[in-house]
Amino acid sequence: MPSFKIDTSTAVVFVATAPTPKMKNKRTGEIAVDSETGANMMTVGLLVSDEGEGNLYQVAVPQTGVPEGLAPGMPVSVVGLKARDWENEFNGEKRHGIAFRAAALAAGA
């Protein structure tokens, strides 16, 4: 499925939840891996505020693009943020949503 670039140049972005490993399979504990670099993937909660509206997004980022010491409340800038829609069937039930992915995060804004 195609992905779409998201412009965060006018947004204020804060870490909402600390980085955690992105699970590929929660039952087995298998961690998702970036297909391009082979780096483990992390999930970071980001609060993005722009044009008077704030939203919380769970963003996947390669571990190599997550700065050390990233903690809730820290301002960050987002490099290469993209959105992609997805649809799967779980236990006979169709689910859909939007997945967010960034190339990297940089501490400070």
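How do the residues of the lining of the largest pocket divide into nonpolar, polar and charged? In this predicted model, the lining comprises 15 nonpolar, nine polar and 10 charged residues. The pocket itself has a volume of about 1300 Å³. This briefing describes the pockets, the nonpolar core and several individual residues.

**The largest pocket**

- The largest pocket is lined by 34 residues, and those closest to its centre are Lys-22, Met-23, Ala-60, Arg-84 and Ala-99.
- Two or more lining residues are given by each of strand 3 (23-25), strand 5, strand 6, strand 8 (82-90) and strand 9 (93-101).
- Strand 8 provides the largest share of this lining, with seven residues.

**The second largest pocket**

- The volume of the second largest pocket is about 250 Å³.
- Its lining consists of 15 residues, and Ile-6, Val-48, Asp-50, Asn-55 and Tyr-57 lie nearest the centre.
- The elements giving two or more residues to the lining of the second largest pocket are strand 5, strand 6 and strand 9.
- Eight nonpolar, three polar and four charged residues make up the lining of the second largest pocket.

**The nonpolar core**

- The largest nonpolar core contains 18 residues, and Val-13, Leu-46, Val-59, Val-78 and Leu-105 have the most contacts inside it.
- Strand 2 (12-21), strand 5 (41-50), strand 6 (53-62) and strand 7 (76-79) are the elements that give two or more residues to this core.
- Strand 5 supplies four residues, the largest share of the core.
- Leu-105, one of the core residues with the most contacts, touches Val-44, Leu-46, Val-61, Gly-65, Pro-67, Leu-70, Ser-77 and Val-78, when residues up to four places away in sequence are not counted.

**Thr-43, a buried residue of strand 5**

- Thr-43 is placed in strand 5.
- The relative accessible area of Thr-43 is 17%, so this residue counts as buried, the limit being under 20%.
- Apart from neighbours within four places in sequence, Thr-43 is in contact with Ala-18, Pro-19, Thr-20, Lys-22, Gln-58 and Val-59.
- Among these contacts of Thr-43, Lys-22 is also listed with the residues closest to the centre of the largest pocket, while Val-59 belongs to the core residues with the most contacts.

**Ser-9, an exposed loop residue**

- Ser-9 lies in the loop between strand 1 (3-5) and strand 2.
- Ser-9 is classed as exposed because its relative accessibility is 60%, and exposed means over 50%.
- The side chains of Ser-9 and Asp-7 are joined by a polar contact of 2.7 Å.
- Although Ser-9 and Ser-77 are separated by 68 residues in sequence, their C-alpha atoms are 8.5 Å apart in space.
- Ser-77 is also one of the residues that Leu-105 touches.

- Most residues other than glycine have a negative phi.
- Glu-51, by contrast, has a positive phi, near 55 degrees.
- Glu-51 is located in the loop between strand 5 and strand 6, and it counts as exposed at 77% relative accessibility.
- Asn-91 also has a positive phi, near 50 degrees.
- The loop between strand 8 and strand 9 holds Asn-91, which is exposed, with a relative accessible area of 86%.

Definitions and conventions: Residues are numbered from 1 along each chain as its sequence is written. This is a predicted model: local features need pLDDT of at least 70, side-chain atom pairs count only at pLDDT 80 or more; totals for chains, interfaces and linings use all residues. Side-chain values use heavy atoms; hydrogens and water are left out. A nonpolar core is a set of buried Ala, Val, Leu, Ile, Met, Phe, Trp, Tyr and Cys residues joined through side-chain atoms within 4.5 Å. Buried means under 20% relative accessible area, exposed over 50%, partly exposed in between (1.4 Å probe, protein chains only). Contact means heavy atoms within 4.5 Å. A polar contact is a pair of N or O atoms within 3.5 Å; within protein, one must be able to donate a hydrogen and the other to accept it, and residues adjacent in sequence count only if both atoms are side-chain atoms. On a 1 Å grid over the protein atoms alone, a cavity is a set of points where a 1.4 Å probe fits but cannot get out, and a pocket is an open set with protein on both sides within 12 Å along at least five of seven lines; lining residues have an atom within 4 Å of a point. Grid points are joined across faces, edges and corners, and a volume is the space filled by probe spheres set on the points. Ala, Val, Leu, Ile, Met, Phe, Trp, Tyr, Cys and Pro count as nonpolar, Asp, Glu, Lys and Arg as charged, and the others, Gly among them, as polar.
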